Amino acid sequence: MKIIRIPVAMSLLLFVAACVTINVYFPAEAAVKAADRIILDVYGEQPAAPVAPVEPQSRLHSNEARFTRHALLDWFISPAHANADLSVNTPAIQQLTASMEARHKQLAPYYTSGAIGMTRNGEITLRDQKLVPLKDRNAVKSLLSKENEDRSALYREIASANGHPEWEPEIRNTFAKRWVSNAPAGWWYMNTQGSWVQK
């Protein structure tokens, strides 16, 4: 019996050692570049200055957790890290971007007046309806609704187009920050505490 167990155990050990684990992390730097490219197309502007990418906190926590849970397993199984790139060149993404770009021309005066502002979740909302003439309020609310639908569809489509639907919250979070970073001075946005701040 002992003779049979040793070859089985050795075979299992060799099999485990030969396995390679591929960890595909959310490509934060690529997401920032993709978001900036799309946002600048929508805004119709050029970047004022290059911006350093920010590593999302969720990746840091997942790395710490992975290390503590899998340190021993990684000793047996060699991890290979796949560097993912973020593709944003699908027809659906291009169509959503074009739609938002056309709509932005109508929204821009309301950003400038402070009537609308950017939320923490990558959308826009009516910040102060008193700054919108009564006759235009329904039209502005309709524009906001269509814009938020397109933004949500954009975040979802980018995640799906890259084969990682689970990335949608991180893509949304990246865009939420980049909409504000690329916005002109004077526009309003909601800070992390939920208060309105003028850029």
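The following dialogue examines how terms are applied to a predicted model.

Student: Why is Y43 called buried?

Tutor: Buried means under 20% relative accessible area. Y43 has 6% relative accessibility, so Y43 counts as buried.

Student: What makes W179 count as buried or exposed?

Tutor: The relative accessibility of W179 is 1%. Because buried means under 20%, W179 counts as buried.

Student: Why is the aromatic pair of Y43 and W179 called tilted?

Tutor: Two rings pair if their centres lie within 6.5 Å, and here the distance is 5.7 Å centre to centre. Planes under 30 degrees apart count as stacked, over 60 as edge-to-face and the rest as tilted. The planes of Y43 and W179 are at 55°, so by that definition the pair is tilted.

Student: Which parts does this pair tie together?

Tutor: Y43 lies in helix α2 and W179 in helix α6, so the pair ties together parts that are 136 residues apart in sequence.

Student: What makes the pair of Y155 and F175 tilted?

Tutor: The ring centres are 5.2 Å apart and the planes stand at 50°, so this pair is tilted. Y155 belongs to helix α5 and F175 to helix α6, 20 residues apart. Y155 is buried, with a relative accessible area of 0%, and F175 counts as buried at 2% relative accessibility.

Student: Which residues do ring pairs link into a cluster?

Tutor: The cluster consists of Y43, Y111, Y155, F175, W179 and W187, linked by ring pairs. A search of the whole structure finds 6 aromatic pairs.

Student: How do you know that the charged end of R127 sits over the ring of W188?

Tutor: One requirement is that CZ of Arg is within 6 Å of the ring centre. The charged end of R127 is 3.8 Å from the centre of the W188 ring. R151 likewise lies over the face of W179, at 3.7 Å from the ring centre.

Student: Which residues touch the most other members of the largest nonpolar core?

Tutor: They are M118, L154, I158 and F175, in a core of 38 residues. Helix α2 gives the most to this core, with 9 residues. L154 touches I38, I93, L96, T97, M100 and F175, not counting residues up to four places away in sequence.

Student: How is the packing of α2 and α4 described?

Tutor: Two packed helices are described by the angle between their axes and the distance between the axes. For α2 and α4, the angle is about 35° and the axes are 7 Å apart. The residues of this contact divide into 5 nonpolar, 2 polar and 2 charged.

Technical notes
Residues numbered from 1 in each chain as written. Predicted model: local features only at pLDDT ≥ 70, side-chain atom pairs only at ≥ 80, totals over all residues. Heavy atoms only, no water. Core = buried A, V, L, I, M, F, W, Y, C linked by side-chain atoms within 4.5 Å. Buried < 20%, exposed > 50% of the residue type's maximum accessible area, 1.4 Å probe, protein only. Helix = DSSP H or I, 4+ residues; strand = E, 2+ residues; numbered from the N terminus. Contact = heavy atoms within 4.5 Å. Axes fitted to C-alpha atoms, helices over the stretch in contact; angles between N-to-C directions. Nonpolar A, V, L, I, M, F, W, Y, C, P; charged D, E, K, R; others polar. Lys NZ or Arg CZ within 6 Å of the ring centre and 35° of its normal.
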